[in-house]
Amino acid sequence: MINSRAGQRRAYDEFSLVLDPDVYEPLPDDWLIGITDVVSSTAAIRSGRYEDVNYAGASIIAALGNAWGSFDFPFVFRGDGAAFALPAKGIMAATSALRDVAGFAKADLHLDLRVGLVAVSEVRTNGHDVKIARYAASESATYAMFAGGGLKWAEQQIKKGRFLVKPGRYAMKPDLTGLSCDWAPFPSQRGKILSLLVEPRDHVRPEVFAALAKRVLAVFDAAPRGSHPLSGITAMARGNAKHVDAQRWSEVASNSDFRKFDDGLRLTLDCTEEEIDSVEAILIAARARGEIDFGLHRQSHALMTCLVPSGRPDSHLHFLDGMGGGYAKAAEMMEEGALAEMVRPLAL
């Protein structure tokens, strides 16, 4: 089981349980938080470079795990970037991996990857926290869930130019062994692939947000296979006319990260238009009450980037995003919606 075993915490096998704020435990003060994101990802996506953006986003997970010699650290894939936590003794490995993936993204993918590193103690000094829970998507794949607002704050600061890891003079090509994009895009079976982000406002109590998140999940969980975006039958490997073995595909689908909590809900789902409209109405009302910000994006297909750690073929992980812009477009909508809410009182 990989990602993440900080503190040997219990892993919960029902996603609704990781919405409970009481299951999260704080990371030690001296741990480090790393953040990456592709600069101008929406422009790259508009030009059809979905896969390059996702590959760059996931690259730090592969590079750091291979450099660290273990994938038993908390991380989360965010579409056009990723976040991770590592003990203080990993500062050299983290700094080198961040520099290397930024250089790789620039040289090989022609993308600017912003990378930063900040101590958990700095996050707490500024009124936020970084807490971890573990969600067992299957018997062989466990994902870290983050709460406390610390990742969100760290990302905001890094986008402002603080805590950046500057390019190194001797940056090397990162070891991305195990990271691949071997699958053809997955078409929606029910109407649309939905990318959804929902984040609580800073003043909202965690239990209030948890109740709202459970309302949203209830809509999607009532659908066949819980709105899982991957077909339960089989799929096609890229460049291969044959469909893969059904048993193997079932394991791949079970190990995917289509649902996660990352200072808020982050979902990639296969939905009907009616389900999306129903959830959007719930979220619009919650935003009007000042409880949340949200963004969603509809598209026709999902994409998958895969990580199979060296020597651990049974512990494969599969990172999902929408092909038409996914989380990056949902985040863009969320920012636009939050700005509109701020401007509206001035216009009245």
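**Close-up views of a predicted model**

**View 1. A four-stranded open sheet.** The open sheet has 4 strands in the order E12-E13-E11-E14, paired antiparallel (strands, E, are DSSP runs of at least two residues, helices, H or I, of at least four, both numbered from the N terminus; two strands pair if DSSP finds at least two bridges between them). At the edges sit E12 (259-261) and E14 (292-299), each pairing on one side only. On average, neighbouring strands here are turned by 15 degrees against each other, direction ignored (axes are lines fitted to C-alpha atoms, for helices over the stretch in contact, with angles from 0 to 180 degrees between N-to-C directions). This is a predicted model, so to speak of local features takes pLDDT of at least 70, and side-chain atom pairs count only at pLDDT 80 or more, while totals for chains, interfaces and linings use all residues. Residues are numbered from 1 along each chain as its sequence is written, and side-chain values use heavy atoms, leaving out hydrogens and water.

View 2. E12 meets E13 (residues 265-271) through 3 antiparallel bridges, with Arg 259 partnering Leu 267. Helix H8 (residues 273-288) lies across E11 (192-200), E13 and E14, at about 160 degrees to E14.

**View 3. The enclosed strand E16.** All 6 of the 6 residues of E16 (residues 317-322) are buried, so the rest of the structure largely encloses this strand (buried: under 20% relative accessible area, 1.4 Å probe, protein chains only; exposed: over 50%; partly exposed: in between). Leu 317, Phe 319 and Asp 321 point one way, His 318, Leu 320 and Gly 322 the other. E15 (residues 301-307) runs antiparallel to E16, joined by 6 bridges; Met 304 stands opposite Leu 320.

Note on methods: Contact means heavy atoms within 4.5 Å.
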